[in-house]
Amino acid sequence: MLLLEEQNKIGRMQRQAALTMAMAHTVKLEAAQGVQSVEVGLSLFDSLASHSEPCNLSDLARRVGMHRAKAYRYLVSLQRAGWVVQDPATGLYELGPAVRTLALRWLTQQDTLNQALEEARRLSEEQAETCFVSVWGGGGATAVRVFQPSRVVSIAIAEGAVLDGATSATGRVFSVWQAEPTHALPALLAARIRQDGFAAVEGDHMAGINAVAAPVFGAHGEVALSLTLVGPAASLRVAGDAPPARALLDSCRRLSVAPGIFREGHD
């Protein structure tokens with residue numbers, strides 16, 4: 001009985017702590033300066049998304065307390081971006097294809113990211129080298145989680161670090177496979193990376209440091225994230241037939257939703 005009461009007490013404390021943190025986060029967001037036009041447009045979009053049936057302009061405008069002409073301008077912008085579509089026959093609005101794409105990417109990335117963290121942890125220990133997971137952020141290829149082996153000497157990578165698109169193995173992966181790359185690699189180098197299924201650098205980014213990176217693909221063939229092994233040149237071999245590269249490719253193939261993108265030589 002006492003044990004049950006203690007467990008209930010702990011549960012109440014945990015819920016109260018979570019509520020306090022949530023309230024503090026809300027207050028912080030409310031105090032921050034945002035873009036009002038974006039918030040207004042999102043309120044209109046949210047109103048449309050909250051109803052299962054298509055809506056006409058008048059109903060949407062009335063729900064958010066907006067003039068029809070103003071609501072129409074926001075809807076035009078949302079249509080151009082693919083978030084909203086209008087039936088030309090009825091004039092009714094409903095959610096557009098961009099919503100489905102975003103939902104699929106989010107679900108895929110959440111599941112893939114969690115699995116990628118486990119793969120990176122395992123690779124780091126098995127290969128005795130630093131391994132990190134990267135995604136494409138506002139500034140470029142960004143390391144979001146880094147795992148270091150248990151050995152005394154290893155390469156440290158800061159979480160949140162942005163990797164150069166031209167000289168780092170991670171950046172090259174996104175430069176080659178991203179739909180709209182921010183860095184154009186030399187044609188021969190890009191072709192070699194595509195053929196190998198991975199990017200490798202041997203002291204290109206930093207003298208004496210080797211790295212090998214490979215992409216993880218989402219359901220539509222896009223680069224969802226990448227895994228990178230990095231270590232001293234003396235211990236990390238980055239040739240395609242070397243154990244680190246093969247182990248990395250195997251991990252990325254398991255994680256990829258669209259594994260057929262990898263070349264046949266690695267299947």
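Helices (H or I, at least four residues) and strands (E, at least two) are taken here as DSSP runs, numbered from the N terminus. The structure is a predicted model, in which local features need pLDDT of at least 70 and side-chain atom pairs count only at pLDDT 80 or more, whereas totals for chains, interfaces and linings use all residues. Residues are numbered from 1 along each chain as its sequence is written, and side-chain values use heavy atoms, with hydrogens and water left out.

With a salt bridge defined as a side-chain nitrogen of Lys or Arg within 4 Å of a carboxyl oxygen of Asp or Glu, the count comes to eight salt bridges. One of these joins the side chains of Glu-126 and Arg-122, with an N to O distance of 2.7 Å. Both residues belong to helix H5 (residues 97-127), where Glu-126 and Arg-122 are four residues apart, about one turn of the helix. Relative accessible area is described as buried when under 20%, exposed when over 50% and partly exposed in between (1.4 Å probe, protein chains only). Glu-126 is exposed because its relative accessible area is 51%, while Arg-122, at 28%, is partly exposed.

A second pair is found in helix H8 (residues 243-255), which holds both Arg-253 and Asp-250, three residues apart and thus about one turn of the helix. Their side chains meet in a salt bridge of 2.9 Å, N to O. Arg-253 counts as buried because its relative accessibility is 18%, whereas Asp-250, with a relative accessible area of 34%, is partly exposed. Salt bridges with shared partners also join Glu-119, Arg-122, Glu-126 and Arg-254 into one network.

A further salt bridge is formed by Glu-159 and Arg-145, whose closest N and O atoms are 3.6 Å apart. This pair links distant parts of the chain, since Glu-159 is placed in the loop between strand E4 (140-147) and strand E5 (162-163) and Arg-145 in strand E4, 14 residues apart. Glu-159 counts as partly exposed at 46% relative accessibility, and Arg-145 likewise counts as partly exposed, at 32%.

Attention then turns to a residue of another strand. Ser-226 is located in strand E8 (residues 223-232), and Ser-226 counts as buried because its relative accessibility is 0%. When contact is taken to mean heavy atoms within 4.5 Å, and residues up to four places away in sequence are not counted, Ser-226 touches Phe-132, Val-133, Ser-134, Thr-170, Val-173, Phe-174, Ala-214, Pro-215 and Val-216.
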